[in-house]
Amino acid sequence: MENILEYNKWEDKLWALYDSIFKDASYKITDGVIFPDKYASTPFKVMIMNREAYDEDHSSYSLNQDGIAKEIGEGIIPFKKQKTLRCRLRQYLSLIHLLSKKGFNEVSEKEVIDFVNQSDNDDLVYYLSDAAYINIKKSDGKKRSVRSDLKEYAKKGIEVLKEQIRFCNPSVILGGDVCYNIIDNLFDWGEELYGGDGYNPVKIYELVIDGKSYPFIDMFHPSRTQNYKDGDEKESMSMYFLELFKAMISVEKTRPGYWSSHMNNKCFETSALK
């Protein structure tokens, strides 16, 4: 209960800040932690950062404890109308759940494939309940994202994004194609952990706020349906979770204990809001 109260007090301040910045928004889709108590107690905290939320009727709604949490409580599957998004999130979150349970060691590719492929909508609900879900653009979303528009919006609302990361203190941020030419020049960045120069279907960086580093995984957007390149081969997005697996395991092999050092993060304590 204490976590919920702290989160609610902070959230009131956050959206007051947001409204002061985006005074002319025609509609707003709030986001954040879905179940504050579950997020606070989960050892490996995942924050999903996607591009923008869109409503064809331009109606305001919520993707946090006032929205997704209520849907889950009513037995409604989150993102019910967004099959691809729902499927990919289930894959990524189930993979991370498996890796964190195994300490990011001694997990075979076959074990990963079997575990991810046998997960279902109930598993999505379970894993998503422990996560935070935010968008770069939280109001006046468009059906098709435009990078220049998202970048302009992100620049204007950068303090809101920083505050969400700072207060939630995630173990990892899964960025859904939000880095290149959107937020890449708006945050400070530390070490590049995986991916190197040039093309790679997954890259891992450290995003830095107030001198603190947060692991940031630069991935394709979970709604993507086209194939992707793996070297000279084209692969189906249905198996893209294996790229995430390879990336996270590579980081662990080159930096033993890296991911475990980001487990059991304390959250809902650090804020720049007054």
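Student: How many nonpolar, polar and charged residues are in the lining of the largest cavity?
Tutor: Start with the classes: Ala, Val, Leu, Ile, Met, Phe, Trp, Tyr, Cys and Pro count as nonpolar, Asp, Glu, Lys and Arg as charged, and the others, Gly among them, as polar. A cavity is a set of points on a 1 Å grid over the protein atoms alone where a 1.4 Å probe fits but cannot get out, and lining residues have an atom within 4 Å of a point. The lining of the largest cavity has seven nonpolar, three polar and no charged residues.

Student: What kind of model is this?
Tutor: Residues are numbered from 1 along each chain as its sequence is written, and side-chain values use heavy atoms, without hydrogens and water. Local features need pLDDT of at least 70, side-chain atom pairs count only at pLDDT 80 or more, and totals for chains, interfaces and linings use all residues, as the model is predicted.

Student: Which strand gives the most to the lining of the largest cavity?
Tutor: Helices (H or I, at least four residues) and strands (E, at least two) are DSSP runs, numbered from the N terminus. Strand S3 (46-52), helix H4 (83-101) and strand S6 (172-176) each supply at least two lining residues. The top contributor, with three residues, is S6.

Student: What is the volume of the largest cavity?
Tutor: A volume is the space filled by probe spheres set on the points, with grid points joined across faces, edges and corners. The whole structure has two cavities of 30 Å³ or more. For the largest, the volume is about 50 Å³.

Student: How do the lining residues of the second largest cavity divide by class?
Tutor: This cavity holds about 30 Å³ of space. Its lining includes Tyr18, Phe22 and Lys138. The division is six nonpolar, one polar and one charged.

Student: How many residues of strand S8 are buried?
Tutor: Buried means under 20% relative accessible area, with a 1.4 Å probe and protein chains only. In a regular strand the side chains alternate between the two faces of the sheet. On one side of S8, Lys203, Tyr205, Leu207 and Ile209 are buried, and on the other Ile204, Glu206 and Val208 are too. For S8 (residues 203-209), the count is seven of seven.

Notes. Buried means under 20% relative accessible area, exposed over 50%, partly exposed in between (1.4 Å probe, protein chains only). On a 1 Å grid over the protein atoms alone, a cavity is a set of points where a 1.4 Å probe fits but cannot get out, and a pocket is an open set with protein on both sides within 12 Å along at least five of seven lines; lining residues have an atom within 4 Å of a point.
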